[in-house]
Amino acid sequence: MSASTAGGRALPPFRVALLGEGVGASLTPAMHEREGRLLGLDYRYDVVDVPGATSDADLARLLDDLRHRGYRGLNVTHPFKQRVIGHLDRLDDDAARLGAVNLVRFTAAGTTGHNTDWTGFRSSLRSALGGEPGAGLDSVLQVGAGGAGAATAYALLGLGTRTLGVHDVDDERARALVDRCAALFPGAAVRVASADDALWTSADGVVHATPVGMEHHPGLPFDPERLRGGAWVAEVVYRPVLTELVVRARASGRRVVDGSGMAAGQAVDSLRLLTGREPDAARVMAHLVELLAGEAAAPGGAARPGPPPGSRLLGGSPRFLGPATG
Ligand code: NAD
């Protein structure tokens, strides 16, 4: 057992997990564990990999099981970010407005859902684009209206974007996100953007929030050459970090925000909410860069199967296996 000590006293293990489908190779456990331990905690982060077809009853049992086993909380990812909401006692204001949860905290008062995807994206965009609210953010085109897109749109509108176009191959998803955002931010002009919307050539920046560019979903979601000369590009995909979009947009001289800042930012904000301690954001980012570089250099690159060394994989069917010791 690797218990940390405080003033000679052993600290109880601080246990957290990631719940999702196909999350065995996630880099989140490594990010959390290193930072948690550097914060002085006996921090353990497990992976609960369950099929998306898991029933609501099994999902409820699984959450209950984890809570009773002493877990402090869970990060939640695809395809449970919306489904988990019905099983929680409460949501914080932003998660309720956004309609998606990527962090659940278990406390004596019950279960609370949060969303740190949007705060992670917000910090990443702020630090990359210079910080002044509204600077270069007045008009934005967003491609992708799924879970990540809900978080990026919420962050953009919160940062002061006044015109937001949402483009998605699935018109209904684009419409649903536009309607939600328009109701939350009545002062902004939010619309569904078609493939030839004027924003493609006039927007201050473009956010890419679809899976295109991931190792198993290669390709270019749109041609960055098409955008206005000074338009920035923000990418949410971070495995690999150098997506075709990032490479092409950088080659054309644009300011590009890759997906690693959002990923590190959501981990930092999750750690803060879970532990009540202040993580070192630069240290977490540096660790993620190191993990991504190691992954890119490994045979099979970012797609290599299986959990990263040191993580514990729980799962298969919705069952629960105790974490590995050590
Ligand atoms: P999702 O399946 O919920 O949504 C994807 C959306 O993209 C869908 O609405 C789909 O119709 C649309 N789409 C797919 N191909 C398209 C195309 N060519 N043009 C226009 N629209 C298209 O997925 P998600 O959960 O939103 O995840 C999207 C990506 O975001 C994934 O790669 C995920 O890894 C990444 N992500 C990154 C972070 C981070 O921290 N950097 C956080 C969350 C998600």
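Predicted model: local features only at pLDDT ≥ 70, side-chain atom pairs only at ≥ 80, totals over all residues.

Q: What should the 13 residues of α5 span, and how far apart are its end C-alpha atoms?
A: At 1.5 Å a residue, α5 should span 18 Å, and its end C-alpha atoms are 19 Å apart, which agrees. The expected span is 1.5 Å times one less than the number of residues in the helix, and helices (H or I, at least four residues) and strands (E, at least two) are DSSP runs numbered from the N terminus.

Q: Okay, back to α5: is it mostly covered or mostly open?
A: Mostly covered, since 11 of the 13 residues in α5 are buried, where buried means that 20 or more other C-beta atoms lie within 10 Å of the residue's own, exposed means 12 or fewer, and partly exposed is in between, with C-beta atoms placed from the backbone.

Q: What covers those buried residues of α5?
A: The cover includes the helices α3 (93-98), α4 and α6 (171-184), together with the strands β9 (139-143), β10 (163-167) and β12 (205-208).

Q: And which residue follows α5?
A: α5 is followed by Gly 160, whose phi is positive, near 115°. Most residues other than glycine have a negative phi.

Q: New topic, the ligand: which residues come nearest to it?
A: Of the 27 residues around the ligand, Gly 146, Gly 147, Ala 148, Thr 210 and Ala 263 come nearest; a residue counts as near if its C-beta atom, placed from the backbone, lies within 6 Å of the molecule. Gly 147 and Ala 148 are also among the buried residues of α5, and α4 (117-129), α5 (147-159) and α9 (260-275) each supply at least two residues of the shell.

Q: Where does the ligand lie relative to the domains?
A: The ligand lies between domain 1 (5-116 + 263-315) and domain 2 (118-261), because both give residues to the shell around it; these bounds come from an automatic or database domain assignment.

Q: What about Pro 211, where is that?
A: Pro 211 is in the loop between β12 and β13 (232-235), and with 15 C-beta neighbours inside 10 Å it counts as partly exposed. Its C-alpha is 9.7 Å from that of Gly 146, although the two are 65 residues apart in sequence.

Q: And is Gly 20 buried or exposed?
A: Gly 20, which lies in strand β3 (residues 14-20), counts as buried because it has 24 C-beta neighbours inside 10 Å. Leaving out residues up to four places away in sequence, Gly 20 touches Asp 49, Val 76, Thr 77, His 78 and Phe 80, where contact means that the C-beta atoms, placed from the backbone, lie within 7 Å.

Q: Which kind of peptide bond runs from His 78 to Pro 79?
A: That bond is cis, with omega near 5°, and a cis peptide bond also joins Arg 239 and Pro 240, with omega about 10°. Most peptide bonds are trans.

Q: Last one: what pLDDT does the chain average?
A: The chain averages a pLDDT of 89, and 87% of the residues score at least 70, pLDDT being the predictor's confidence in each residue, from 0 to 100. However, pLDDT stays under 50 over residues 303-313, and it is also below 50 over residues 315-326.

Note on methods
Residues numbered from 1 in each chain as written. Contact = placed C-beta atoms within 7 Å.
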